[in-house]
Amino acid sequence: MITLSFLLLISYFFDGATCLTPTSAPSNQCFSGSYYDEDSFSCVSCPIGHFSSFSVPPYPLNCSLCEVGMYNTKTGMSECSTCPRGKISSSTRSHCDDCNAGT
């Protein structure tokens, strides 16, 4: 017998055929600044230098690297900050470095 608590633990979707297929969708909401990790079936904070601005399904499966000229210094960020004038972001987008002379 299938109980209500069992049904609440498993999400199903109709696959267009005649059967239901279990999904790996999280049972809780992933917030901006996080992504859905399919291995752990949980939401994980974006690492330093990365961001995610999505907070509605389907949740992202990874975070995006900040664009060139932008950075962030904290985990779990939903956006990146712009480097000050005369600076360029590091390859990890974790900080800004001085621009090379003449560039």
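How many of the 103 residues of the protein count as buried? The share is 21%, where buried means under 20% relative accessible area, exposed means over 50%, and partly exposed lies in between, as found with a 1.4 Å probe and the protein chains only. The structure is a predicted model, in which local features need pLDDT of at least 70 and side-chain atom pairs count only at pLDDT 80 or more, while totals for chains, interfaces and linings use all residues. Residues are numbered from 1 along each chain as its sequence is written, and side-chain values use heavy atoms, with hydrogens and water left out.

The pLDDT, which is the predictor's confidence in each residue on a scale from 0 to 100, averages 78 over the protein, and 71% of the residues score at least 70. Over residues 1-23, however, the pLDDT is below 50, and beyond near neighbours in sequence this stretch has 16 contacts in the model, a contact being a case of heavy atoms within 4.5 Å.

The protein contains one helix and ten strands; here helices (H or I, at least four residues) and strands (E, at least two) are DSSP runs, numbered from the N terminus. Read from that end, the order of the elements is α-β-β-β-β-β-β-β-β-β-β. Among the contacts with a separation of 6 or more, 32% are between residues 24 or more positions apart.

Strand 3 pairs with strand 4 (residues 42-45) in the antiparallel sense over four bridges, and two strands are said to pair if DSSP finds at least two bridges between them. Within this pairing, Ser-34 has Ser-45 as its bridge partner in strand 4, and Tyr-35 stands opposite Val-44. The hairpin of the two strands has four residues between the strands, and in it Phe-41 takes a positive phi near 55°.

From here one can turn to the loop between strand 5 (50-51) and strand 6 (64-65), where Ser-52 is placed. Ser-52 counts as buried because its relative accessibility is 3%. Leaving aside neighbours within four places in sequence, Ser-52 is in contact with several residues, including Ser-34, Cys-46, Pro-60, Cys-63 and Met-77. Phe-54 lies in the loop between strand 5 and strand 6 as well, and, when residues up to four places away in sequence are not counted, Phe-54 touches Cys-30, Phe-31, Ser-32 and Pro-60. Although Phe-54 and Cys-30 are 24 residues apart along the chain, their C-alpha atoms are separated by 8.2 Å.

Asp-98 forms it with Lys-87, and the closest N and O atoms are 2.7 Å apart. The pair links distant parts of the chain, with Asp-98 in strand 10 (residues 96-98) and Lys-87 in strand 9 (residues 87-89), eleven residues apart. Asp-98 is exposed because its relative accessible area is 55%, whereas Lys-87, at 33%, is partly exposed.

Notes:
Salt bridge = Lys/Arg side-chain N within 4 Å of Asp/Glu carboxyl O.
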